[in-house]
Amino acid sequence: MDINWLKVLGLIITPIIAFFVGVTYGGLVRNITARIQNRFGPPVYQNFWDIIKLYSKKTSIHHGWMQHLGPVFAITASITSLYFIPVLRDSVLFSNLSFSGDLIFLIYMMVFGSLGMAMGIGQTGNPNSAIGVSRGLSMMVGYEIPFVLALVSIMIQFHTTSLNDLLAVQSKFTDWIIFQSPIAFITGILAFLGMMGYKPFDVPIAPAELASGPVSEFGGKYLALMQTSRSIFTFAKLVLFTDIFLGGAGDFGTLVVKTFLLYMIPVLTGIVNPRFRTEQAIRFFWKWPTALGIIAILIVVW
Amino acid sequence: MISIPALLTLTFAAGVLVFIIHHTIPILRDVIAITAVAISGYIIWQLSGTTSSVQFSVGTFSFNWGVTQYSQLFALLVAVLSFFALLYSSAFMAKRDRLGYFYMNFLFAIGAMYGIVYSQDLISLFFFWEIMTWSSFMLTIYCCEEAQSVGLKYFVFSAIGAYSILTAIVLIYAGLDSFQLTDVFANFNSLSLGIKITVIVLLIIGFGVKSAMMPLHVWAPDAYEKSPSPFTAIFSGALSKMGIFGIGLVLFKLAAGQGFYPYVQEILAWIGGLTALFATFYAVFQTDAKKLLAYSSIGQLGYIITGLAIGTPLSISAALFLTIMHGIFKSMLFLAVGSVYYRTGTTNMNEISGLIRKMPYTFITVLFGIITVSGVPPLAGFAGKWMLYESLIQSNHYFLVVIIFFASTAAFLYLYRIIFSLFLGQEEKEIENIKEAPLRMVVPMIILSISTLVFGVFPGLLLKPISSVMKYLGDFQHPWETSVLFNNWGNLVDMNTVITSIGVIFLLALIFITIKGYKATRYVTTKDIHTSGEIPTENENLTYAVDFYKPFERALGSVLKPSVDKFFTYFGNLLEESFEHLRYIYTGNGQTYAMYVMVFLLILFMFSELIFNVAL
Amino acid sequence: MVTPNINEKDKLRIREIVENFARKHSLWVLAYGTGCGAIEIPPTMTSRYDAERFGIRGSATPRQADVLLITGYLSTKTLKRVIRTYEQMQAPKYVIGFGSCTINGGMYWDSYNTINALDRYLPVDVYINGCMPRPEAVIQGFIKLQNIIAEGKGNGAEKYQENLEWYRENQKKIIHNWQMPDYNW
């Protein structure tokens with residue numbers, strides 16, 4: 001069995017890079033929020049200190065083996081989703097496992113983490129956590145509809161469900177899918193707002209209302225693993241959207257620039273908006289984004 | 001010994017035997033039932049690959065029973081599920097009464113299902129269909145007095161279906177003068193267009209009642225809830241597949257190639273999609289675990305009907321794969337809920353919670369069941385769902401994709417509800433003395449759970465018999481490998497890579513988080529939670545169960561107000577009121593009837609010339 | 001009940017330095033205002049005096065928090081809840097006594113209902129005096145806590161664990177309806 005050592009190296013390096021970029025983005029978001037609120041804010045590497053502090057906690061408690069497994073499910077889903085997305089185009093080192101899976105597989109893999117985490121949250125027995133999970137799942141039904149509509153319209157337009165083929169289509173700047181199907185892009189971005197979990201769609205977390213919602217009983221190393229998984233997952237989602245709509249990237253500089261610009265859309269919307277209630281959020285996703293998605297499909301079909 | 005009559009006589013004779021001896025030696029009753037089904041499974045396994053058939057005539061009817069690839073698939077599914085269900089019921093029903101009645105009807109239902117899939121002529125199909133309906137009706141009303149109205153609803157709908165099938169059979173016989181399936185398939189085209197459409201619609205209605213197609217599904221939630229759990233596993237896992245069996249035959253042998261076939265496909269696909277969507281919505285708001293699983297069954301059957309209706313090779317593989325997997329995981333889930341009922345006495349999700357530490361094997365079964373139903377990799381549900389979505393996208397059914405995806409995402413809601421409400425959450429004082437279910441109940445559940453993992457990583461194990469079935473149905477072909485799923489555009493999913501990456505990362509993360517700070521990690525009870533510094537007393541209720549999805553209900557608004565059940569009840573009441581008016585004629589009085597007869601004879605006598613052309 | 005061993009005396013020096021550095025630059029304060037001094041917390045955290053520069057953030061549940069701020073007087077009723085909350089936090093954890101009432105009873109020194117010396121019931125790391133202390137004083141208190149952590153002296157949790165009987169005796173003397181479960185770490 002000949003193992004391609006370059007591929008194994010890529011498999012090891014990619015989560016580490018994703019972790020560093022994701023955590024830095026987290027700190028950067030806190031800094032930008034602070035500047036908009038006319039203050040200085042923490043340094044950019046603040047989230048690293050948070051994660052190291054959480055790992056260095058001396059005690060931790062759990063309510064059962066399912067809670068112990070919850071963050072493990074989350075990080076499995078994050079890293080596996082990252083593996084099936086081509087991080088850089090035409091790169092042997094970083095294409096990982098993207099030739100063995102396609103978009104529909106990715107949609108389901110991204111749900112695996114939330115499902116496992118929801119089980120772990122369930123065992124804690126805190127009613128706040130249960131309310132948070134029920135709201136989070138209800139909202140997921142909301143934003144998945146425009147997300148799937150956008151992806152289906154692109155899949156039909158280019159007759160493929162594989163990300164590598166979509167990257168191959170977008171070889172020139174003017175061939176980017178954001179220009180070829182702008183309505184699909186707008187639908188996708190509106191669904192992306194829901195996926196990222198910033199305001200106005202952060203009702204599952206709702207710190208002041210639900211005592212931080214689902215993760216209210218996680219502390220110490222469990223919370224650290226969950227934050228790690230969250231950072232990697234943010235990076236994975238950003239790279240997914242960049243690959244579908246913005247033409248992917250050939251080297252890390254372009255990738256960082258594109259993902260950062262894409263990330264600013266939910267963050268900046270989140271800083272200046274209040275929070276929707278759950279049914280308002282669900283109805284929002286079922287109105288205009290769904291209508292735009294249906295229009296996107298109709299444009300492709302006719 | 002290895003032949004179809006032997007199979008059927010074995011099962012039916014075992015049923016009668018159990019009924020006769022059930023008072024004398026209890027253990028023998030269980031042993032006879034289980035060994036009968038085991039031997040029947042062996043016989044079916046030996047029959048595969050052969051084309052053994054048997055013909056005999058009774059009077060002017062000639063019966064024909066034969067083996068085809070299509071029948072083997074369903075028969076094996078029935079045999080395996082029945083074996084596990086009977087093993088489970090030997091422990092579950094141990095302290096109940098009228099067990100001879102239970103086992104006899106159970107074995108008759110199994111035997112009737114074998115008869116349906118092996119019959120090659122329409123009369124035996126109908127004959128075994130009726131036996132299956134009758135025996136499942138007897139088991140629906142087994143438990144208690146309240147189950148009788150539920151059983152009546154089931155029987156009325158099954159009667160509607162059965163009469164539709166009978167009318168269709170009569171129409172076919174009138175046109176083609178033969179009951180044999182081979183003749184019917186070959187000469188169906190020679191009927192007139194009106195007859196063809198009527199026959200196909202009637203057959204779809206008849207088979208659709210059993211597979212709970214909307215709007216004929218209203219018997220299913222109550223019937224599944226009231227029947228005893230081991231039988232519900234068969235009821236939902238195997239009996240509903242008989243309807244799918246019939247619909248498959250109708251679509252691919254009778255309707256294919258006709259001019260109106262695209263219309264049939266479109267209508268049936270949309271019915272399947274809407275069934276899935278609305279059944280899922282109803283399932284989200286249930287409070288009883290068995291009713292929730294019943295609505296979930298209706299939804300999954302909607303997926304299967306859509307897959308069959310689309311008609312491309314990929315979608316037929318998806319539908320047949322989902323058929324087998326639905327049988328496995330629905331039985332698993334009903335058996336698990338049954339063991340919860342066995343230990344606690346209730347399946348109401350608002351009353352129990354926190355069973356994970358007391359019943360860990362049942363929890364693992366439900367966990368595997370949930371991951372399979374939701375379609376998340378690496379378990380088997382993903383393969384079926386993936387193939388279904390790909391086939392929908394590639395056959396230009398765009399909006400149906402969105403509806404099916406909507407239903408699939410909403411499925412997460414009720415799946416989380418059932419595992420959270422029963423197993424996770426607060427551990428109240430009432431569950432102090434609950435133990436795990438007995439071994440005979442745990443073993444079938446665990447074996448079925450492991451099989452979902454095996455079929456998830458190696459979907460080719462199921463795709464192999466499915467491809468031979470597709471050849472029989474209409475010479476469809478689709479590429480497959482043991483661990484790789486393909487679609488028509490050349491994209492693939494390699495399950496080997498998936499399971500390797502998931503497994504390795506899972507193990508590494510688990511080892512990491514268990515070892516880190518091992519000595520300083522400790523377990524606390526679920527009463528030690530953040531309640532703002534307060535200490536919850538013993539009878540303080542911290543369980544979040546009632547109105548679990550109120551925000552979703554508010555978001556849906558008035559979509560769920562119209563209900564098919566209410567429509568049928570209203571229609572039934574309307575008929576009953578109009579029948580009250582008929583009471584003026586059918587008075588129930590013997591003398592009135594005698595007067596009617598006299599008047600009729602008088603009329604005949606007086607107008608005999610006009611009527612009979614003969615003078616009296 | 002197994003007592004977790006949180007005395008880590010034989011750690012690598014470099015690891016200890018890095019961990020203390022991380023702990024001091026990321027202090028999560030439990031969002032719990034126990035007394036009237038809590039009115040000075042919002043100005044400290046918001047734009048004008050911006051405590052987030054130092055990594056100080058609010059946290060919603062005690063499972064995730066590091067610092068417990070006792071802001072002002074503590075009635076005996078609140079003391080019971082504060083003790084329960086303190087025990088639900090994960091080590092290492094720090095207590096900051098905020099305001100003169102925690103030092104010697106302050107304005108309510110002769111009340112029948114409040115406590116006079118916080119040090120008898122919880123291990124306190126830093127006191128900030130004033131009635132109430134201004135946000136600049138609060139930030140100075142946090143910087144003092146950071147220095148204590150950097151020197152490796154922020155071990156209130158170990159102190160509580162070792163002298164548990166003494167703390168319990170004092171707590172039970174003043175809280176009359178002691179219906180709490182046994183010490184669960």
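This is a predicted model: local features need pLDDT of at least 70, side-chain atom pairs count only at pLDDT 80 or more; totals for chains, interfaces and linings use all residues.
I find 64 residues of chain A in contact with 58 residues of chain B. Next I listed the elements that give two or more residues to the side of chain A that touches chain B. They are strand S1 (60-62) and the helices H3 (65-83), H4 (103-123), H5 (127-158), H10 (221-245), H12 (278-286) and H13 (288-301) of chain A. Which element gives the largest share? I get H5(A), with 16 residues. I then sorted this side of chain A by class: 34 residues are nonpolar, 22 polar and 8 charged.

I followed S1(A) over to chain B. S1(A) pairs with strand S5 (residues 521-523) of chain B. I note the parallel sense and 3 bridges. For His62(A), I looked up the bridge partner in S5(B) and found Tyr523(B).

**H3 and H10 of chain B.** I turned to helix H3 (residues 69-92) and helix H10 (residues 229-255) of chain B. Their axes come within 8 Å and cross at roughly 165°. An angle over 145 degrees counts as roughly antiparallel, so I log H3(B) as roughly antiparallel to H10(B). The crossing is left-handed. From H3(B), I wrote down the contact residues Phe74(B), Leu77(B), Val78(B), Leu81(B), Ser82(B), Ala85(B), Tyr88(B), Ser89(B) and Phe92(B). H10(B) contributes Ser229(B), Pro230(B), Ala233(B), Ile234(B), Gly237(B), Ala238(B), Lys241(B) and Phe245(B). By class, I get 12 nonpolar, 4 polar and 1 charged.

**Cis peptide bonds.** I checked omega in chains B and C. In chain B, the bond from Met214(B) to Pro215(B) is cis, with omega near 0°. I place Pro215(B) in the loop between helix H8 (193-210) and helix H9 (220-226) of chain B. In chain C, a cis bond joins Cys131(C) and Met132(C), with omega about -10°. I place Met132(C) in the loop between strand S5 (126-128) and helix H5 (135-150) of chain C.

**Positive phi.** His159(A) has a positive phi of about 55°. I find His159(A) in the loop between H5 and helix H6 (163-169) of chain A. Ala212(B) has a positive phi near 55°. I find Ala212(B) in the loop between H8 and H9 of chain B.

Is each one buried or exposed? I count 12 other C-beta atoms within 10 Å of His159(A), so His159(A) is exposed. Ala212(B) has 29 within 10 Å, so I log Ala212(B) as buried. The cut-offs behind these calls are 12 or fewer for exposed and 20 or more for buried.

Key. Residues are numbered from 1 along each chain as its sequence is written. Chains are lettered from A and ligands numbered from 1 in the order in which they are written. Two residues are in contact if their C-beta atoms, placed from the backbone, lie within 7 Å. Helices (H or I, at least four residues) and strands (E, at least two) are DSSP runs, numbered from the N terminus. Ala, Val, Leu, Ile, Met, Phe, Trp, Tyr, Cys and Pro count as nonpolar, Asp, Glu, Lys and Arg as charged, and the others, Gly among them, as polar. Two strands pair if DSSP finds at least two bridges between them. Axes are lines fitted to C-alpha atoms, for helices over the stretch in contact, and angles run from 0 to 180 degrees between N-to-C directions. Angles under 35 degrees count as roughly parallel, over 145 as roughly antiparallel, 65 to 115 as roughly perpendicular and the rest as oblique. A crossing is left-handed if the near helix is turned anticlockwise from the far one by less than a right angle, and right-handed if clockwise.
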